[in-house]
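Me: I'd like to learn how to read a structure like this one feature at a time. Can we go through it together?

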Number of protein chains: 2
Amino acid sequence: MELAFINRNGIVPFYYQIQQQLYERIRLGELKPGDALPSEHEISTRLGVSRMTARLAVKSLCELGIVYSKQGKGSFVSGLKLEKNFRQVLSFTEEMALSGRQARSRILGFETIPAEAEVAQALGIKRQESVVRLRRLRIADSVPMGIESSYLPDRLCPGLKDTFDPRTSLYKALSDHYGIQMAIADEVIESGLAEAEEARLLRIRRGSPVFSFTRTSYVQQGRAVEYVKSTYRGDRYRIVNRLVRLKHEFIERDVKNG
Amino acid sequence: MELAFINRNGIVPFYYQIQQQLYERIRLGELKPGDALPSEHEISTRLGVSRMTARLAVKSLCELGIVYSKQGKGSFVSGLKLEKNFRQVLSFTEEMALSGRQARSRILGFETIPAEAEVAQALGIKRQESVVRLRRLRIADSVPMGIESSYLPDRLCPGLKDTFDPRTSLYKALSDHYGIQMAIADEVIESGLAEAEEARLLRIRRGSPVFSFTRTSYVQQGRAVEYVKSTYRGDRYRIVNRLVRLKHEFIERDVKNG
DNA sequence: AATCCTAACTTGTATAGACAACCAGACGGG
DNA sequence: CCCGTCTGGTTGTCTATACAAGTTAGGATT
């Protein structure tokens with residue numbers, strides 16, 4: 001186990017390298033659910049970093065729900081497999097990779113159109129302003145899972161249609177060609193029924209249960225850059241989430257019944 | 001702005017007090033969306049704590065999506081409102097209170113029964129072992145929202161039926177009478193269709209879209225103490241979540257499509 | 001034998017300081 | 001005027017250390 005100072009992205013922080021090493025050991029099954037991670041002290045002496053750096057690595061895995069720490073005992077691998085990550089903005093492919101599935105996409109449509117009211121409001125632009133719409137069928141292990149329609153203001157990413165390589169990530173294209181980096185996303189999840197066209201594409205019956213996701217992504221200045229409406233199969237897709245009862249409750253108001 | 005060492009829960013960490021103070025200033029509108037927070041240096045000198053402590057306070061607000069930080073510039077209030085907290089274990093009433101609604105419950109059933117296979121497996125007990133089942137209709141602003149069935153091993157909370165006051169929280173009863181404190185919960189969310197009895201209770205049509213929640217709650221030792229199956233109306237209930245894009249991407253493997 | 005207590009381990013909080021990376025505005029030379 | 005450079009301020013990472021607090025095992029005491 002060695003720390004490299006450099007990778008293709010330039011300098012990589014120690015804590016991040018340690019985080020990756022630990023995750024790799026978990027992913028390979030060397031550390032199984034319930035197993036204790038090396039203690040912060042052991043990591044720090046073994047790798048020659050300070051305990052705070054080792055701690056940062058473990059803490060970042062905690063935030064992802066992959067491990068949990070108990071004061072006085074140690075840090076342990078949590079047995080929960082995340083099928084949907086509720087902490088990070090992840091692309092469909094990243095999400096599937098986390099649960100060990102092979103993701104593919106089929107582009108259903110890619111055009112520049114005037115924004116309809118709902119899209120304009122979400123993106124904070126005028127009605128009829130040009131937006132790019134990218135419609136994709138998302139496929140995991142050859143099974144169609146969902147339909148995603150992404151809307152982006154054309155002004156922010158002119159010529160996206162020409163520069164975008166469908167084999168790469170949309171987020172990567174936005175970052176590389178336009179310097180746009182997503183920071184925060186708000187997501188609304190609703191339960192609905194498959195409409196005719198959705199049912200056909202997803203190979204399910206009309207009226208089958210589906211998830212409807214509506215996601216608005218923002219850059220750090222708070223400006224919305226992407227609005228996504230998705231429909232996912234209710235029979236194949238489910239959301240797994242781990243909730244933590246915080247030591248110090250963030251919300252402390254007078255809530256009495258429960 | 002002063003730091004108190006003690007509150008009703010005992011000693012409260014500095015960083016948490018600072019976090020609360022900052023959040024209060026945001027909540028009251030003293031710090032508006034887009035405004036810069038005091039710099040870590042300013043917080044540390046003004047309050048007489050180290051910069052790392054001030055940083056911890058700001059970072060915890062970042063994780064909640066309430067503020068964002070930019071290297072070289074500062075930390076800023078993000079302009080987004082949080083409707084539902086997806087990080088903490090919250091009871092129905094707490095959840096409704098957060099979105100400003102009045103919550104009520106009607107007890108549909110409360111009995112001690114032998115555990116069926118699904119319940120036994122989730123709770124890690126033998127089949128046929130006694131479990132308490134509490135079935136409640138959850139009502140928000142006089143509108144029926146969902147049906148919750150909680151299962152608890154009778155062994156862990158003998159006599160719950162007698163001690164439980166339906167007007168108070170189940171979690172509070174478990175904590176007060178049995179010393180049981182929830183620490184972690186794993187939740188699975190699925191999309192489904194309302195069955196006949198559910199539809200009747202929720203006053204919706206059979207076959208309407210619903211959310212199915214399955215939640216297993218654990219105490220810190222990792223033992224399961226509660227298994228909850230819920231069905232919530234798809235037309236009235238929705239999940240709002242905020243996601244954060246991490247600076248260093250967690251997944252760096254060969255993810256090509258996105 | 002049962003109980004208490006201590007020691008050694010863990011994570012949690014906090015300090016004081018250092019340098020790097022990044023940003024903006026001021027300043028200067030072309 | 002334009003364009004680098006400098007400079008001071010910010011967050012990001014990291015070190016070394018210290019003590020608090022929770023857990024566990026084993027030894028001492030009763």
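Predicted model: local features only at pLDDT ≥ 70, side-chain atom pairs only at ≥ 80, totals over all residues.

Me: Then how does A:Ala196 count, and what is its relative accessible area?

Reply: A:Ala196 has a relative accessible area of 45%, so it counts as partly exposed. You'll find A:Ala196 in helix 8 of chain A, residues 196-202. There's also a distance to look at: the C-alpha atoms of A:Ala196 and A:Gly207 are separated by 8.1 Å, with the two residues 11 apart along the chain.

Me: Now charges. Which residues form the positive surface patch?

Reply: The positive surface patch is made by A:Arg104, A:Arg106, A:Arg200 and A:Arg203. Take A:Arg104 as an example: it sits in strand 5 of chain A, residues 103-114. With a relative accessible area of 45%, A:Arg104 is partly exposed.

Me: What about salt bridges: how many does a search of the whole structure find?

Reply: The general idea is that side chains of opposite charge can pair when their charged atoms come close. Over all chains, the search of the whole structure turns up 24 salt bridges. One of them is between the side chains of A:Arg133 and A:Glu111, at 3.0 Å from N to O. That pair links distant parts of the chain, since A:Arg133 is in strand 6 of chain A and A:Glu111 is in strand 5 of chain A, 22 residues apart. A:Arg133 is partly exposed at 24% relative accessible area, and A:Glu111 is partly exposed at 25%.

Me: Which residue does B:Arg138 form a salt bridge with?

Reply: B:Arg138 pairs with B:Glu148, and their closest N and O atoms are 3.4 Å apart. Since B:Arg138 lies in strand 6 of chain B and B:Glu148 in strand 7 of chain B, the pair ties together parts that are 10 residues apart in sequence. B:Arg138 has 1% relative accessibility, so it counts as buried. B:Glu148 counts as buried too, at 10%. Salt bridges can also share partners, and that is how A:Glu40, A:Arg51 and A:Arg55 are joined into one network.

Me: On to strands. Why is strand 7 of chain B said to be largely enclosed by the rest of the structure?

Reply: Because 11 of the 11 residues of strand 7 of chain B, residues 143-153, are buried. As for its pairing, strand 7 of chain B runs antiparallel to strand 6 of chain B (residues 130-140), and 10 bridges join the two. In that pairing, B:Ile139 has B:Pro144 as its bridge partner in strand 7 of chain B. The hairpin of these two strands has 2 residues between the strands, and there B:Asp141 takes a positive phi near 50°.

Me: And how many bridges join strand 7 of chain B to strand 10 of chain B?

Reply: 6 bridges join them, and strand 7 of chain B runs antiparallel to strand 10 of chain B, residues 224-233. Strand 10 of chain B is mostly covered, with 9 of its 10 residues buried. It also pairs with strand 9 of chain B (residues 209-219), again antiparallel, through 9 bridges. In this pairing, B:Ser217 has B:Glu226 as its bridge partner.

Key
Residues numbered from 1 in each chain as written. Chains lettered and ligands numbered in written order. Heavy atoms only, no water. Patch = residues over 30% accessible without salt bridge, like charges linked within 9 Å, V, L, I, M, F, W, Y side chains within 5 Å. Areas by Shrake-Rupley, 256 points an atom, 1.4 Å probe, with all protein chains shown as cover. Salt bridge = Lys/Arg side-chain N within 4 Å of Asp/Glu carboxyl O. Lys, Arg positive; Asp, Glu negative; His and termini not counted. Charge placed at Lys NZ, Arg CZ, Asp CG, Glu CD. Helix = DSSP H or I, 4+ residues; strand = E, 2+ residues; numbered from the N terminus. Buried < 20%, exposed > 50% of the residue type's maximum accessible area, 1.4 Å probe, protein only. Pairing = 2+ DSSP bridges.
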